[in-house]
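This briefing is meant for a reader who is meeting the structure for the first time.

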Amino acid sequence: MSYRWEPQSLRYRDTKTGRFLPQRAIASLIQLRISQVAQELQQLGDRLLSNQVTLKDWQLQTAQTLKILHTQQYMLGVGGDAQVQDSDLRAIAAELVNQYKYLQNFATDLTQERVSVAQFKVRLGMYASAAKVSYFRGEKEAAKRSGFNGAMRVLGDAEHCEDCPRYAALGAVPIDEVIYPTQECACRINCKCSLLWVKLEDAIKKPSSDRPLLEQIASQISELSSRQIKELIDDYKLSTNGSSEALKQRFLDFVSTKNQIQLSNISNYIQQVKARIS
């Protein structure tokens, strides 16, 4: 398949079908690549433990593997090779400097026998998972270039720590104040949240009436077709009996209670959700 990046929507579109690549497909792609690299790092670690490679060689090979992974994740977030600018290369390089420092400290712990074999393997897995943040950094740069100046936390399909729902309840925040999923939350590398990039001037726009919250959401959702609603339900894995009205009500409940979306952000949120299924 061939995809092209569309800066206005911050999404990849299939050049043959014209459909957007679903966000859940991006999330799966990120996790698949991280899992592959985690396995590679474990294999490198096993070679070190069995004395097949020296500590120096292990460190160099691990550093190269992390370099490729973080570069791939950032480039996926920023929109692909064609979107990369010099500032992106500098951002990737800065993150790699941090990763190499962590790796050097890891090597020091090994030489001084401050970690067990079990701890060694756990830390290897964490190095791979930490690359998620490189994707979000690339995505943030793409958003800024397209005129977005804010971001909203979207809760993933998972058991959440107490931090993530609190971030989601904030609604839209200035883009440079956004906290990336996996950072500053108890979930850490296991965080399943994502981000929606918004324009603050739209997100904070006051509602046109004083109707109750659910009525305002309902008026915006009512224009969605049954097919689109079903796709929304599937996207968020919500239980339903399958009828159109039940699907709509189930999604209404999801938006108003589980995501704790602020009234001023509802219009923007609905537009973002609709874009995900277009």
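In this predicted model, the second largest cavity is lined by His 70, Tyr 74, Ala 91, Ile 92, Glu 95, Ser 134 and Arg 137. About 30 Å³ of space lies within this second largest cavity, and the count of cavities of 30 Å³ or more comes to two.

**The second largest cavity**

- The helices α2, α3 (86-111) and α5 each supply at least two residues of the lining of the second largest cavity, and α3 gives the most, with three residues.
- Sorted by class, the lining of the second largest cavity has three nonpolar, two polar and two charged residues.

**The largest cavity**

- The largest cavity has a volume of about 60 Å³, and its lining is made of Trp 5, Leu 10, Arg 11, Tyr 12, Gln 23, Ile 26, Leu 76, Gly 77, Tyr 135 and Glu 139.
- Two or more residues of the lining of the largest cavity come from each of the elements β2 (11-14), α1 (23-49), α2 and α5 (132-145).
- Divided by class, the residues that line the largest cavity are six nonpolar, two polar and two charged.

**The second largest pocket**

- The second largest pocket has a volume of about 460 Å³, and of the 18 residues that line this pocket, the closest to its centre are Gln 99, Tyr 102, Ala 130, Arg 188 and Ile 189.
- The elements α3, α4 and α5 are those that give two or more residues to the lining of the second largest pocket.
- The lining residues of the second largest pocket divide into seven nonpolar, five polar and six charged.

- Helix α2 has 24 residues and reaches 34 Å from its first C-alpha to its last, which is close to the 34 Å expected at 1.5 Å a residue.
- After α2 comes Gly 79, a residue whose phi is positive, near 115°.
- Helix α2 (residues 55-78) packs with helix α4 (residues 117-129) at an angle of about 30°, and the axes of the two helices are 10 Å apart.
- Angles under 35 degrees count as roughly parallel, and α2 and α4 are therefore roughly parallel to each other.
- On the α2 side, the contact is made by Trp 58, Leu 66, Leu 69 and His 70, while on the α4 side it is made by Phe 120, Leu 124, Tyr 127 and Ala 128.
- By class, this contact of α2 with α4 has seven nonpolar residues, one polar residue and no charged residues.

Methods:
Residues numbered from 1 in each chain as written. Predicted model: local features only at pLDDT ≥ 70, side-chain atom pairs only at ≥ 80, totals over all residues. Heavy atoms only, no water. Axes fitted to C-alpha atoms, helices over the stretch in contact; angles between N-to-C directions. Helix = DSSP H or I, 4+ residues; strand = E, 2+ residues; numbered from the N terminus. Parallel < 35°, antiparallel > 145°, perpendicular 65-115°, else oblique. Contact = heavy atoms within 4.5 Å. Nonpolar A, V, L, I, M, F, W, Y, C, P; charged D, E, K, R; others polar. 1 Å grid on protein atoms, 1.4 Å probe; cavity = no way out; pocket = protein on both sides within 12 Å on 5 of 7 lines; lining within 4 Å. Points joined across faces, edges and corners; volume = space filled by probe spheres on them. Expected span 1.5 Å × (residues − 1).
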